[in-house]
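Below are some notes for a colleague who intends to work from these coordinates. Please read them alongside the structure itself.

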Amino acid sequence: MSSQAVGIPSIDSKAAGKQIYEQKDIESAHNRSSSSLRRASQKQLCLIVRYKWLRLLLCNLYEVILGTKLSFLFPLVPLAIAADRLQLGNVWVFFISLLGLAPLAERLGFVTEQIAFYTGPTVGGLLNATCGNATEMLIAVFALCHGKTNVVKYSLLGSVLSNLLLVLGTSLFCGGIANMKKEQRFDKVASGINSSLLMMASLCLMLPLALKQSMAYSEATVSTLQLSRVSSIIMLIAYAAYLFFQLRTHRQLFEEGQETEGEEDEEEPSIGCISSIVWLCTLTVIISLLSQYIVDTIEDVAESWEISVNFISIILLPIVGNAAEHAGAVLFALKNKLDISLAVAMGSATQIAMFVIPFIIALAWIMGIPMDLDFHILETVALFATVLITAYILQDGTSNYMKGLVLLLCYFVIASCFFLLQTPLTKGHHHHHHAVNTPVLDKRVVTETIPMAAKQF
């Protein structure tokens, strides 16, 4: 039976060699981490089907739905929809939807990788960079559409903290324990570039807070908003330059450390290009639906469990939403392949801080929603301290379990802080909303009266 019969295009050996070479170039660390959770393909079962269209459909379903070790979580997707329709309770809808996101996020990375086989290294790399944190972006977009700007900020901040402290800390700790007799080393050049971008993101988040504290309240609100929008544009430019640096001019820096043993096996696309695009759209729609459920029910869960929305957004959402990617990073650390683990954790944190956050600020600007980069003092301090300690730990290019333990303990301290921070979003959000909108008129009065008073004086 030919490969064309199961939806795999037949290509000659020379073209195949070139395609595989390009695929290794564009395969991101996200995809490498997710690949550790995939099952070996067994499409021979599909070949016994007589009709070609049915055989193609079954092979696609098998590769996408059953091709992951997290396939046992897929029934939670229709269960979440049923729980919402039957009104079984917002708490059940929230947690079922949250768990259902784990396999969907992993499969989205798989489908993106399949599309990258056909699009070439540049487009494939950009696609991987864009879809790497699609779950966080969709949750942020839906929360923004509902006016829940605090949920947007906290969920994105939690993703950065989770990647830098929990994922990286667990990877370094487990890798250090499993390779106690070996010195674990990694490429400190790539991690240094990510650290510098994360420091820039911390600066862009600290300046609006400092500006608001150093100005009169009525003036600071509008000025902070303007500074946030300018900073967001600069952050997007910096991230675009980073992608050009990573994918074009200095690609070897990010590939040398990620070359792993046993990858000489030639890979071929598992599903066709059109099928991959259809699956990409389908998975995006399903993730959007579950993200909608999470945003709609998060406040009720906080009230029911008597915990703050801060804790749910910063701690729970990132842990469960990216469980597959996190598990993959830890598995590679156990195999003494720290470069991939660092690329997953640092790369994801950099993408959220330098792309997703400014993108959401720009989107809010277009939608007319006054959302700024003021993440409040506690959250900003936690982020800056996290970036600082992570950069310090990774500066020498070596690792041991003690470094991982320090990062994990820092994460537990921050999680405890937000757990004790009892500020329900239903009150804090509305207060914040009015605080953003009402001073705009006051600012006009102040800007007109103060100069006149100054001249009279």
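1. A search of the whole structure finds five salt bridges, each being a side-chain nitrogen of Lys or Arg within 4 Å of a carboxyl oxygen of Asp or Glu. Side chains of opposite charge can pair when their charged atoms come close. Since Lys153 belongs to helix 8 (residues 149–178) and Asp372 to the loop between helix 15 (338–367) and helix 16, the pair ties together parts that are 219 residues apart in sequence. Helices here (H or I, at least four residues) are DSSP runs, numbered from the N terminus.

2. On provenance, this is a predicted model, in which local features need pLDDT of at least 70, side-chain atom pairs count only at pLDDT 80 or more, and totals for chains, interfaces and linings use all residues. Residues are numbered from 1 along each chain as its sequence is written, and side-chain values use heavy atoms, with hydrogens and water left out.

3. The chain averages a pLDDT (the predictor's confidence in each residue, from 0 to 100) of 76, and 73% of the residues score at least 70. Confidence is highest in helix 16 (residues 377–393), at a mean of 92, and lowest in helix 18 (residues 425–437), at 41. Over residues 424–457 the pLDDT is below 50, although this stretch has 34 contacts in the model beyond near neighbours in sequence, a contact meaning heavy atoms within 4.5 Å. Where pLDDT is low, the predicted coordinates should not be read in detail.

4. Helix 7 (residues 134–145) packs on helix 8 at an angle of about 165°, with the axes 7 Å apart; axes are lines fitted to C-alpha atoms, for helices over the stretch in contact, and angles run from 0 to 180 degrees between N-to-C directions. Helix 7 is therefore roughly antiparallel to helix 8, a label given to angles over 145 degrees. In this contact, Glu136, Ala140, Ala143 and Leu144 of helix 7 meet Thr149, Val151, Val152, Leu156 and Ser159 of helix 8. These residues divide into six nonpolar, two polar and one charged, where Ala, Val, Leu, Ile, Met, Phe, Trp, Tyr, Cys and Pro count as nonpolar, Asp, Glu, Lys and Arg as charged, and the others, Gly among them, as polar.

5. Helix 5 (residues 90–119) and helix 12 (residues 273–305) have axes 7 Å apart and pack at an angle of about 155°, which means that helix 5 is roughly antiparallel to helix 12. The residues of their contact comprise 25 nonpolar, 10 polar and two charged.

6. For helix 16 and helix 17 (residues 401–420), the axes come within 11 Å and cross at roughly 175°, so the two helices are roughly antiparallel to each other. Among the residues making the contact are Leu378 and Ile389 of helix 16 and Val406 and Phe418 of helix 17.

How values were computed
Angles under 35 degrees count as roughly parallel, over 145 as roughly antiparallel, 65 to 115 as roughly perpendicular and the rest as oblique.
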